[in-house]
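Please prepare a short briefing on this protein.

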Amino acid sequence: MALFISDHLQGTPKLRNRHQPHAFPFSSTAPLESQTVQVRNRGTIGGSLAEADPSGDWATVLLTLSCEVRCAGISGERSFRLSDFLKDAYTTALAHDELVSEIAVKVPSGNSGGAYIAFKRTAPVYPTASAAVQLTVEGDRCKEIAIALGCVGLLPIRVREGEAALRGQQITPKLIESAADAARAAADPQSDMRGSAEYKRQLVGALVKRATEAALQRARGQQVEVSHIYA
Ligand SMILES: Cc1cc2nc3c(=O)[nH]c(=O)nc-3n(C[C@H](O)[C@H](O)[C@H](O)COP(=O)(O)OP(=O)(O)OC[C@H]3O[C@@H](n4cnc5c(N)ncnc54)[C@H](O)[C@@H]3O)c2cc1C
């Protein structure tokens, strides 16, 4: 299985080694940072997507990017947009005789930045809630934005209303707060041993706020360190 990072999703992708700090949310505050040594060293992104665990990190991050999941089986190859690949909790579009063979991610345009923040009780457990934000600025305005929530639904959730509130606007603290409110409204969490549904709803709004602030600073070319939050 391979991860391709390319300027285009079509055609033959070229594997890039070029380091683009902060161009992707996972280049600096990687989901990997929040995981155990075993998962970090042995887990694969394809395995994570194929498992489609609602608490997994990778689908949430990749949902904010232009991402294609390529699958190979005895009857040939197929490609899916990530949102079409993920069908339900632990359920994907994979056929029984298929494997995830490649994951292609389009490089965001210049002036882009992203951040992924998970809230975890400890490193070896899945997050309680997580948020990924990827945005592009043009001048002082937000040209494009994608916000995704993890662990607060059966699938990662795009916060379309929050994205619409920020797209085309000069991002202010008030607008970021409205995106956080939209995230709380879009979340569909279950109460479990990680916290009550209401607790997770509040939490995910705060994560969106922090991730948006960090993504914005990175899109403006600032170096911002963001770490996952541990209870
Ligand atoms: C203690 C513990 C803590 C964890 N914490 C986290 C966490 O915090 N965040 C997080 O995101 N994940 C976490 N995980 C899950 C782990 O990161 C994922 O399972 C891993 O990323 C995927 O690992 P893998 O590639 O070994 O796939 P496996 O675990 O081996 O496989 C997962 C499933 O996908 C299938 N599969 C694997 N590769 C492919 C492929 N290429 N094509 C089709 N099907 C495939 C397998 O058959 C299996 O059904 C945790 C797991 C453990 C055990």
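The points below go from the whole protein to one strand and then to the core. The model is predicted. The protein has eight helices and eleven strands. Of its 231 residues, 46% are buried.

**Contacts across the chain**
- Take the contacts between residues at least 6 apart in sequence: 65% of them join residues at least 24 apart.

**Strand β2 and its partners**
- Strand β2 covers residues 67-73.
- Five of its seven residues are buried, so by the definition each of those five has 20 or more other C-beta atoms within 10 Å of its own.
- β2 runs antiparallel to strand β6 (residues 98-106), and seven bridges join the two.
- In this pairing, Cys 67 stands opposite Val 105 of β6.
- β2 also runs antiparallel to strand β3 (residues 76-81), with six bridges between them.
- Here Gly 73 stands opposite Gly 76 of β3.
- β2 and β3 make a hairpin, with two residues between them.

**The largest nonpolar core**
- In soluble globular proteins, nonpolar side chains tend to be buried together.
- The largest nonpolar core in this protein holds 60 residues.
- Those that touch the most other members include Ala 131, Leu 149, Ala 183 and Val 204.
- Helix α8 (residues 197-219) gives this core its largest share, nine residues.
- Domain 1 (2-9 + 16-106) and domain 2 (112-230) each supply at least three residues to this core.

**A look at Val 204**
- Setting aside neighbours within four places in sequence, Val 204 is in contact with residues including Ala 129, Ala 131, Leu 149 and Val 152.
- Ala 183, Arg 184 and Ala 187 are also among its contacts.

Terms used: Residues numbered from 1 in each chain as written. Predicted model: local features only at pLDDT ≥ 70, side-chain atom pairs only at ≥ 80, totals over all residues. Buried ≥ 20, exposed ≤ 12 C-beta atoms within 10 Å, placed from the backbone. Helix = DSSP H or I, 4+ residues; strand = E, 2+ residues; numbered from the N terminus. Pairing = 2+ DSSP bridges. Contact = placed C-beta atoms within 7 Å. Core = buried A, V, L, I, M, F, W, Y, C linked by C-beta atoms within 7 Å. Domains from an automatic or database assignment.
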